[in-house]
Amino acid sequence: MLNALEINNIAVGYHNRSVINDLSVTIPKNKITTIIGPNGCGKSTLIKTVSRILKAEKGTILLDGKAINTLDTREIAKQMAILPQTAESPGGLTVFELVSYGRFPYRKALGSLSKEDYNYINWAIEVTGLADFSDREISDMSGGQRQRVWIAMSLAQGTETLVLDEPTTYLDLAHQLDILLLLKKLNIEEHRTIIMVLHDLNHASRFSDYMIAMKDGNLITKGSPEEVMTHNNLRTLFNIEADIQECPYSGHPIFTSYHLSSQDKNYE
Amino acid sequence: MSKFNSSLTDKEQVKAVKNTAKPVRGTVIISGGIIFLLCAFAVSISLGAADINLSTIWNALFNFDGSVTQHQIIWELRFPRIIGAAIVGAAFSVAGALMQGMTRNPLADSGLLGLNAGAVMMLAISFSFFPGLPYVYVVLLSFFGAALGAGIVYGIGSMSRNGLTPLRLVLAGAAVTALLTALSEGIALYFNVGQDMAFWYAGGVSSTRWSHLAIITPIVIIMLFIAMRISKSITILSLGEEVAVSLGERTVRTKLISAGVIVVLAGLAVSVVGAVSFVGLIVPHLTRKLVGYDYRWIIPVSAVVGAILVVVADLFARTLNAPFEIPIGALISLIGVPFFLYLARKGGKAI
């Protein structure tokens, strides 16, 4: 199995507070990998380090076998697109404009878009189901549609790997599923490597090939959803007692309900 | 990914055509703006304490006769003045556009964030300690002052625990402006240069001479050229730091270049016209309404619109209460203050 990313013994922190002390994990190519863990476990910090917003104090991150701190930032942008959690567009941009910025890593000095750029942009708009909205201003769109536009921008980057930090947060149930199905489709039809952070464990299990569980900046466990989504792991990670079942759609483990491990009595 | 390489379908061609609409619109606005600016030049030269008709202006330009007083007024007073006004307007506006794009702060303006006050303080120091300093050095000191003002404001702003919100930064800017203005007034009083300085607090282009223009024009042209070169990167930065990094933008480099251009443009404009606020605030917002959010268009259009604004404001400054002049800074604040309040009410979310 080839690796899209190899993270070796990294330590990351903000100012003088260390979040990750010594983390090593590999992320397979052409698969969907989801990072899960409780609030403050370091999953967003990990994503931010991979996306070079934060700098690792030690350790290396290899993208396709090459250390990212030795690669030109524009070369990285041609291989790996990252959608941060807080992406917010300036008010008056149209869908086409924002998606076209995905071609930025390929730009020439002052040059306008090439035919190849147009092909990628139009494909990204098409595949995200935004073809009828391409001249619409993003500020007039719903949260779910906006998220599609940002994903389209990342797709226009034409990268092998797509990294998303909580792509479904703030979306309603239907729109969450809609985004995840889109990512699944990209993975299956286009063989994109997808790496994401998700809060919803059932979604994480249902759509992932591979899961990484973190707590307090450490790797707790990794593997297939069957290996990670166990009663014991969830207790370790979240201090919950979860009732694990099989997802009728994916066959992966999900839980129907849960209570807190520390709770003696349930008033239910 | 062979399917991307297939030839464009009809549908895609339609889209490609649609997206040429913006360049066409931008070009029309820039050309229209330049024509309007030239008309404003003509009106501005002809009106004033001594009215001059258009044919005399034409003759002064193309058949200059040194013995005609009106020709001399045009060449020595009014012409440098309007060129100065246009340059100052373009400089403040492009500085404002870069600041707003780079920091995603819709309330950014060299006047509101302490750059102008810093430049004025350096002017006060130069008049007090080095009277008769050649204009080139005055301009250099002014750049330094603008950088100092910006540095203090961002320094104070970043001490805040909850980060730099647009409004907080403007508050820091107001405080620093008050301090720097008080300092420069104090210096001016102590060294008895208050008379010279009064002009720079209020703002005006009446004293612009060819010798000044010969120094500032090339600098402004170079700065506008650099601003155009980084305009695409500014657009990407306006999407936010994280997205910009993800797209392979060299954010530190772009920000440093942009900050350099901003300081030079603001410092230079202040050395000509004084501490005029709000031009850099109003013009980029107006420009975004006209050409959208792409800084490849915002920057040139801001330059043209800013030039028009200050040339017209100067015309009113000279003619509303002739033969007395109204400070240009006061006139622009008449539009600027309500506009600022409107933006602030929206919580600084207009970008």
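The model is predicted, with local features requiring pLDDT of at least 70, side-chain atom pairs counted only at pLDDT 80 or more, and totals for chains, interfaces and linings using all residues. Residues are numbered from 1 along each chain as its sequence is written, chains are lettered from A and ligands numbered from 1 in the order in which they are written, and side-chain values use heavy atoms, without hydrogens and water.

Chain B contains 15 helices and zero strands, where helices (H or I, at least four residues) and strands (E, at least two) are DSSP runs numbered from the N terminus. Its radius of gyration, taken over C-alpha atoms, is 22 Å, close to the 20 Å given for 351 residues by the globule rule, so chain B is as compact as a globular protein of that length. That rule is 2.2 Å times the number of residues to the power 0.38. Along the principal axes, the C-alpha atoms of chain B fill a box of roughly 75 × 55 × 35 Å.

Of the 351 residues in chain B, 52% are buried (under 20% relative accessible area, 1.4 Å probe, protein chains only). Among contacts (heavy atoms within 4.5 Å) in chain B between residues at least 6 apart in sequence, 75% join residues at least 24 apart.

In chain A, Thr168(A) occupies the loop between β7 (161–165) and α6 (173–190). Thr168(A) counts as buried because its relative accessibility is 7%. Beyond its neighbours within four places in sequence, Thr168(A) contacts Gln176(A), Ile179(A), Leu180(A) and Leu198(A).

Key: Buried < 20%, exposed > 50% of the residue type's maximum accessible area, 1.4 Å probe, protein only.
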